[in-house]
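Subject: Structure for you to look at

Hello,

Here is the structure I said I would pass on. Please open it first, then read the notes below next to it.

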Amino acid sequence: MATTTSPLVVVLLAVVAAIAVSPVQPAFALPAGLPDIKSLTNPWSAFKNLSGCHFGDERQGLGKLKDYLWHFGYLSYPSSSSLSPSFNDLFDADMELAIKMYQGNFGLDVTGDLDAATVSQMMAPRCGVADVVNGTSTMGGGGGVRGRGLYSYFPGSPRWPRSRTTLRYAITATSQTSIDRATLSKVFASAFARWSAATTLNFTEAASAADADITIGFYGGDHGDGEAFDGPLGTLAHAFSPTNGRLHLDASEAWVAGGDVTRASSNAAVDLESVAVHEIGHILGLGHSSAADSIMFPTLTSRTKKVNLATDDVAGIQGLYGNNPNFKGVTPPATSSREMDSAGAGELSRPWRRLLDGAAGLLVGLSLAWL
Ligand SMILES: [Zn+2]
Ligand SMILES: [Zn+2]
């Protein structure tokens, strides 16, 4: 019941004021628990201290990087792990193999070392979905096969039934976001339309979860599915494979639901539609792709809009659901905006996270780090 204005409130008011005068007018969902603007740091920034490490090294922080590799499916815990296992800081043979697989997936030189390009890629914002399931890369580039699609499906290639040509989605959990419902409806209608244009699938918004195949909501922290959100940056979102239909967004992100995200005042601004298009890909059955220009590439740079399906995305979704005879083809990549980054472009990109295999479906996610 303080009657004076605290420094924290002053900071928050300053942030609100800065946004209010921004020419972009982003629909920021200012997180209720946003403690301090300084907290908006890349959760993986400490990885840069590991640049140059290679097999045989022992350096503080390598255990954290092993945990990262584990989270995205590249590394397993030793079978002797205790109830609360943790990785040690030794760069061992398993870690070298994991890094080689990672490098293959992201189009990097397969050195097995933590070279600068690899570390930079690992620090980049990314989706929470795993790239590797049960030790096998699900990303098409991992096998080194070129000249074919780089898209992937989840194990068993689950898809929505052929009888379901129209899927209904409901935006059900919005209490933790300040983005208004009309804006959310517009953003998701646009995101779904990008997939329906390439296939014979149709999507309609339903009024409630009871009427929907797909449910979309904003959640903070631990929200009951084993993949807790981590506040600003870090994990952005995750979704489940068919026919689970759940799509979760981290309520704490500085979402931009309108305007030009590339001109957003915050370096941590995340374009909602870009994340939505990617997560819908998972909802429909697509895994990650090694094609750097694809929607299903695991990483997304902050302050970047990437919403157009690439040739690889179209091939992947049409492989599951068939063609749309009216499809006009992919839109050439925009050159005026910062694209979601590719592994080889030297920009920031982001990796995705662990795929949880279970009766409820496969969990996929999108996380954002910020360099
Ligand atoms: Zn993903
Ligand atoms: Zn969730």
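**Histidine 248 and its strand**

Histidine 248 is found in strand β8. Helices (H or I, at least four residues) and strands (E, at least two) are DSSP runs, numbered from the N terminus. Before going further: this is a predicted model, in which local features need pLDDT of at least 70 and side-chain atom pairs count only at pLDDT 80 or more, while totals for chains, interfaces and linings use all residues. Residues are numbered from 1 along each chain as its sequence is written, and chains are lettered from A and ligands numbered from 1 in the order in which they are written.

Is histidine 248 buried or exposed? Histidine 248 counts as buried because it has 27 C-beta neighbours inside 10 Å. The cut-offs are these: a residue is buried with 20 or more other C-beta atoms within 10 Å of its own, exposed with 12 or fewer, and partly exposed in between, the C-beta atoms being placed from the backbone. Strand β8 (residues 246-250) is mostly covered, with four of its five residues buried.

Leaving out residues up to four places away in sequence, histidine 248 touches Gly217, Tyr219, His223, Ala237, His238 and Ala239. Contact here means that the C-beta atoms of two residues, placed from the backbone, lie within 7 Å.

**The neighbours of β8**

Two strands pair if DSSP finds at least two bridges between them. Strand β6 (residues 214-219) pairs with β8 in the parallel sense, over five bridges. The bridge partner of threonine 215 in β8 is arginine 246. Strand β7 (residues 234-240) runs antiparallel to β8, and three bridges join the two. Here histidine 238 stands opposite histidine 248.

The hairpin of β7 and β8 has five residues between the strands, and in it glycine 245 takes a positive phi near 85°. Threonine 243 is in the loop between β7 and β8. The peptide bond that leads from proline 242 to threonine 243 is cis, with omega near 0°. For background, most peptide bonds are trans, and most residues other than glycine have a negative phi.

**A site listed in UniProt**

Which residues does UniProt list for "binding site"? The unreviewed entry gives His223, Asp225, His238 and His248. These residues span 26 residues in sequence, yet no two of their C-alpha atoms are more than 11.9 Å apart, so they gather at one spot. UniProt positions are given in the numbering used here, feature names are shortened, and annotations may be inferred rather than shown by experiment.

Aspartate 225 lies in the loop between β6 and β7. Aspartate 225 counts as partly exposed, because it has 17 C-beta neighbours inside 10 Å. Glycine 220 is also placed in the loop between β6 and β7. The C-alpha atoms of glycine 220 and glutamine 176 are separated by 7.6 Å, although these residues are 44 residues apart along the chain.

**Helix α6 and what follows**

In α6 (272-284), 13 of the 13 residues are buried. At 1.5 Å a residue its 13 residues should span 18 Å, and its end C-alpha atoms are 18 Å apart, which agrees. The expected span of a helix is 1.5 Å times one less than its number of residues. Just after α6, glycine 285 takes a positive phi of about 120°.

Arginine 303 is in the loop between α6 and α7 (311-321). Its phi is near 55°, a positive value in a residue other than glycine.

Regards
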